[in-house]
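I set down here what I looked up in this entry, in the order in which I consulted it.

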Amino acid sequence: MTRRVHPLFIVMSSISIIRSLLIPFAALILNAIRKGEINTYTWIGVSVGILFVLLYGIASWYFYTFTIDTETIRVRKGIFQKSERTTQRKRIESIGIQQNVIERLLRLATLTVETSSESGSPEVELKGIRLDFAKQLKSSIKNEEQITEEQQKEVAYTIPIRDLALAGALSGRVGLALVGIWTAYQFVDRFIDRYINRLFQELSHFSLLVLTTLGLLVLLIVYIGSIIVYILKYGSYRAVLQDRRLLIGYGMLNRTEVAFHADKIQALVIQESWIQRLIGRASLSLHIISASGEKERLLLHPFIRTNEVDAFLTTYLPRFRQFSPQHEVAPSGFRYRVRWPLLGYTLLFTALSSVVIIVLDSSWRFLILLLFLWLPVYYFAVRSGYRKTRFGTGHDLLMLRKQWVQKETVYTPRLKIEELTWSVSRWLEAKEIARIEIQLRGNTAFNALYFERTDIDTLQRWYKQSFLSTPLAGEAETDDE
Amino acid sequence: MSTVQWHALPERSIRAERLGLLPLHALIAVILIGTTITQVMWLDLTPWWMGVVGLLWLIYFIPRIVYIPVLRLKYMRYRIDEEFLVVRHGIFFRREVTVPLVKVQLIDSQTGPILRRYDLITLDIRTASGFATLTRLDRAQGEELRIQVERFAKLEEREEESL
């Protein structure tokens with residue numbers, strides 16, 4: 001069937017063009033109002049602009065068609081420069097439905113289809129189709145076998161708003177909110193400049209205590225703002241498991257929905273920041289196959305109780321389960337891990353402080369020597385991180401754990417590992433230690449250093465079990481899947 | 001551990017690598033000499049900086065052409081171990097990469113005039129995550145390796161992904 005997207009696409013694309021031009025136009029009009037130069041010509045100009053945008057929207061809608069047959073999905077678009085993109089249905093890796101604010105208002109959605117190609121953006125992007133139609137399309141793109149299983153049991157999971165608020169409160173996004181407010185202030189500065197000046201004059205009459213309180217109040221508002229942003233971003237979170245297909249959706253304003261088969265999961269990452277560790281929480285994310293865009297790493301759960309992770313995995317990702325790592329790093333490797341960075345910092349700080357001490361005249365110049373305090377801090381932080389690095393193998397899963405300020409544990413199925421590499425510099429070759437690295441599809445790599453070579457041999461033996469569905473003749477088959 | 005033999009590069013790969021480097025470095029030498037002569041003859045300069053550049057180039061060029069091909073021959077090893085390709089390589093870092101042959105997506109083979117003269121071949125073995133390049137293999141050995149890898153392309157991988 002060849003068809004066009006919904007006519008509301010015209011409204012949507014017009015709104016988004018106008019929205020992207022809103023700031024410069026608003027600035028121009030505000031300026032005109034301030035100078036009292038607004039007249040009929042201004043309005044004619046604005047109307048012609050809007051008319052042009054509308055005509056452009058109609059033309060782009062007219063030339064925007066898509067065809068879905070049994071083997072391919074084809075999207076044609078473009079007014080002057082035509083483009084046609086054909087994607088093989090069997091190459092599809094994931095299908096997602098996204099809605100931005102305008103689309104939510106108009107009950108429309110964007111359907112994205114991704115394959116494992118290396119382009120950064122989704123292979124197919126169908127904008128402005130009815131939400132119901134998008135859902136229908138998504139299920140029709142699934143293969144037939146899946147559709148017959150549609151009636152199978154469905155398990156859904158939501159995250160209470162209290163948990164989201166707590167996750168937002170501990171996510172340390174205050175800095176981002178501050179940057180946002182500062183940028184906004186820079187922009188509106190010229191319009192509200194005189195009011196700000198007056199405000200500062202008024203403020204200068206207050207006491208230090210009142211000013212401090214005001215400052216703290218502003219910070220508090222920013223902090224609460226950051227929590228609200230977090231809730232808006234991850235709110236209405238819903239994970240649905242149907243057969244072995246997962247659907248993850250979140251976002252109160254801009255809604256993101258991604259559907260993928262559990263087979264597509266390359267790795268599960270469990271992260272615990274130091275503050276999360278204190279209160280026994282963790283966040284779960286997945287590496288799924290997609291183009292190297294943002295969906296490569298997908299948030300599965302922003303704030304799960306550590307003692308509930310096992311139950312969650314059993315229900316939603318039965319292939320993954322937690323276990324304790326068997327292999328620790330080689331204690332003798334630490335000095336090789338730390339010596340070059342330490343030497344580098346020492347040289348850098350020595351050069352920097354020599355320059356400052358020679359050039360500056362003030363007696364404060366010796367304060368630069370405080371830089372050297374970083375060396376012990378770095379040494380102990382690296383040592384603590386190094387000692388906690390682990391790897392382990394179990395039931396067809398490889399686990400790799402690193403801990404710096406944040407504890408990060410990666411679980412990846414053996415059959416998903418595309419390459420296993422160990423490496424060591426020629427100078428350390430005789431020390432019988434090496435660094436390990438695993439490569440997954442989509443240029444994802446995880447590494448850790450340094451492990452004993454005997455441990456690495458064990459890992460290699462574990463990795464070198466059969467990858468074939470029917471093992472080669474005369475070969476011992478030991479795999480346990 | 002497996003008893004399969006490690007394969008090494010043939011001795012003549014050293015000569016092939018050296019010969020392959022010559023055109024580029026000859027060009028660099030011509031450019032260096034040319035610019036020095038221009039500066040001395042026409043611009044009336046005393047270009048000591050060209051000496052520095054020339055020295056830096058020599059510091060790179062001599063080890064590159066004399067030692068690195070020998071070290072590559074010494075360190076580079078590969079073998080097909082049941083259903084895995086294991087490659088050991090690296091001059092300053094020793095690396096050992098294990099790739100399951102079923103994951104191999106395509107094999108590119110290249111030969112140029114120099115490689116043909118020494119009966120050598122370069123194989124690019126690509127997986128979805130990256131690739132291993134085996135440079136200057138003996139042509140017969142390379143062909144054999146390619147046939148072995150291609151045999152696996154027909155086999156079915158256990159990890160069958162569905163949408």
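The model is predicted, and in it seven strands make an open sheet, ordered β21(A)-β20(A)-β19(A)-β4(B)-β3(B)-β2(B)-β1(B), with antiparallel pairing. I noted the edge strands as β21 (444-452) of chain A and β1 (7-8) of chain B, each of which pairs on one side only.

I then looked at one pairing within the sheet. Strands β3 (residues 84-89) and β4 (residues 93-100) of chain B run antiparallel to each other and are joined over six bridges. For Leu85(B), I found the bridge partner in β4(B) to be Val99(B).

Next I recorded chain B as a whole. I counted five helices and seven strands in chain B, and along the sequence they follow the pattern β-α-α-α-β-β-β-β-α-β-β-α. Chain B is more spread out than a compact globule, because its radius of gyration is 21 Å, well over the 15 Å that the globule rule gives for 163 residues. The C-alpha trace of chain B spans about 70 × 40 × 30 Å along its principal axes. Of the 163 residues in chain B, 23% are buried.

I turned to chain A. Its domain assignment lists domain 1 (2-141), domain 2 (165-234), domain 3 (263-330 + 386-463) and domain 4 (332-373). I noted 34 Å between the C-alpha centres of domain 1 and domain 2 of chain A.

Last, I examined helix α6 (residues 161-169) of chain A, whose buried residues are Leu164(A), Ala167(A) and Gly168(A). These lie on the same side of α6(A), because they cover an arc of only 100° around the axis. The buried residues of α6(A) pack against α8 (208-234) and β14 (297-305) of chain A.

Key: Residues are numbered from 1 along each chain as its sequence is written. Chains are lettered from A and ligands numbered from 1 in the order in which they are written. This is a predicted model: local features need pLDDT of at least 70, side-chain atom pairs count only at pLDDT 80 or more; totals for chains, interfaces and linings use all residues. Domain bounds come from an automatic or database domain assignment. A residue is buried if 20 or more other C-beta atoms lie within 10 Å of its own, exposed if 12 or fewer, and partly exposed in between; C-beta atoms are placed from the backbone. Helices (H or I, at least four residues) and strands (E, at least two) are DSSP runs, numbered from the N terminus. The arc is that of the directions from the helix axis to the C-beta atoms. Two residues are in contact if their C-beta atoms, placed from the backbone, lie within 7 Å. Two strands pair if DSSP finds at least two bridges between them. The radius of gyration is taken over C-alpha atoms; the globule rule is 2.2 Å times the number of residues to the power 0.38.
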